[in-house]
Amino acid sequence: MVEPLGAVDDGVPRHPLRDHEGTVVVLDDIAAATRRLVVELDEAMQFNAGQYAELLIPGTTLARQYSMANPPSETRRLEFHIKLTEGGAATERWIFRSLSVGDRISLRGPLGQFHLVDKTDGPVILIGGGTGLAPLKSIVQHALAEDLAPELYVYHGGRRKVDLYDVEFFLELETRHDHVHYRPVLSEQDWDGATGMVTDAVVADFASCKGMSAFLCGPPAMVAAAVKALKRRRMAPRMISKEEFTVAPPVPDVDAAAS
């Protein structure tokens, strides 16, 4: 799931992988076919901003991975952004069909090498497609709390306006913090904001990305395009971290399917 382009920092905290139980306290529709799931854990889970957990699908032996969107300072209340996958047992057959507030849920974590831990000297560009915004939201909140970056540029790409979410959240951050810059981009709808591919907006905004770092999260095609665009703007490959969100292959058996 995670493929850092640069060397892994040996000073990164390593949190133990553990099984957890919790209760669903929020389950809201936040965008087209997208839900916010918040789980109150029985016991705290330490994690790095940008990491993910595996949600165990009831009645199966399978699990699916979702990034935490909350900052690591919130160790008991985990937030996930989940996109509906047609026919998927983890989404259509469970989270979007039968899961309710008050239900118990099992998960394990933390997992992943996609994270921001140390202070950076240069600006940070964060590019998310769809629910790829989730770990970026965690990273931005952590960076602000710990003063880890001199500038934060957040780009969120969607096809249409109904695909965007947490717009007010990021606009408020932008208002409260002079060094936070938020830019949503739509690829299939004209509006008063940026249009086209989200990577095109980044290229248009920066003549050079030398000395900067980036975090990319979303569909493989978006991530690949972002890597290419940033390299074209002279960002060093070792300064680029990426995480691809892919759809699990379909499983015919309903009781064992997941996505």
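Modeller: Helices are DSSP runs of H or I with at least four residues, strands are runs of E with at least two, and both are numbered from the N terminus. Ser138 has its place in helix α2. By the way, this is a predicted model, where local features need pLDDT of at least 70, side-chain atom pairs count only at pLDDT 80 or more, and totals for chains, interfaces and linings use all residues. Residues are numbered from 1 along each chain as its sequence is written, and side-chain values use heavy atoms, with hydrogens and water left out.

Biologist: Okay, why is Ser138 called buried?

Modeller: Buried means under 20% relative accessible area, exposed means over 50%, and partly exposed lies in between (1.4 Å probe, protein chains only). Ser138 has 0%, so it counts as buried.

Biologist: And what is Ser138 in contact with, leaving aside its neighbours within four places in sequence?

Modeller: Contact means heavy atoms within 4.5 Å. For Ser138 the list is Phe47, Ala49, Gly50, Met68, Ala69, Asn70, Pro71 and Pro72.

Biologist: Let's stay with α2. At what angle does it pack with α3?

Modeller: About 25°, with the axes of α2 (residues 133-146) and α3 (residues 167-176) 13 Å apart. Those axes are lines fitted to C-alpha atoms, for helices over the stretch in contact, and angles run from 0 to 180 degrees between N-to-C directions.

Biologist: Which residues of α2 and α3 meet?

Modeller: From α2 you get Leu133, Lys137, Val140, Gln141 and Leu144, and from α3 Phe169, Phe170 and Leu173. By class, that contact of α2 with α3 has six nonpolar, one polar and one charged residues. (Ala, Val, Leu, Ile, Met, Phe, Trp, Tyr, Cys and Pro count as nonpolar, Asp, Glu, Lys and Arg as charged, and the others, Gly among them, as polar.)

Biologist: What makes Arg36 and Asp166 a salt bridge?

Modeller: You need a side-chain nitrogen of Lys or Arg within 4 Å of a carboxyl oxygen of Asp or Glu. Arg36 and Asp166 have N to O at 2.7 Å, and that makes a salt bridge. The pair links distant parts of the chain, 130 residues apart: Arg36 sits in strand β2 (residues 34-41), and Asp166 in the loop between β8 (152-158) and α3.

Biologist: How do you know whether Arg36 and Asp166 are buried or exposed?

Modeller: Arg36 has 15% relative accessibility, so it counts as buried. Asp166 has 11%, so it counts as buried too.

Biologist: What about Lys137 and Asp166?

Modeller: Their side chains also meet in a salt bridge, at 3.0 Å, N to O. Here helix α2 holds Lys137, and the two partners are 29 residues apart.

Biologist: And Arg159 with Glu188?

Modeller: That salt bridge is at 3.6 Å, N to O. Arg159, at 54% relative accessibility, counts as exposed, while Glu188, at 48%, counts as partly exposed. Elsewhere, salt bridges that share partners join Arg36, Glu79, Lys137 and Asp166 into one network.

Biologist: Last one: how do the axes of α4 and α5 cross?

Modeller: The axes of α4 (residues 198-205) and α5 (residues 220-232) come within 9 Å and cross at roughly 15°. α4 and α5 are therefore roughly parallel to each other.

Technical notes:
Angles under 35 degrees count as roughly parallel, over 145 as roughly antiparallel, 65 to 115 as roughly perpendicular and the rest as oblique.
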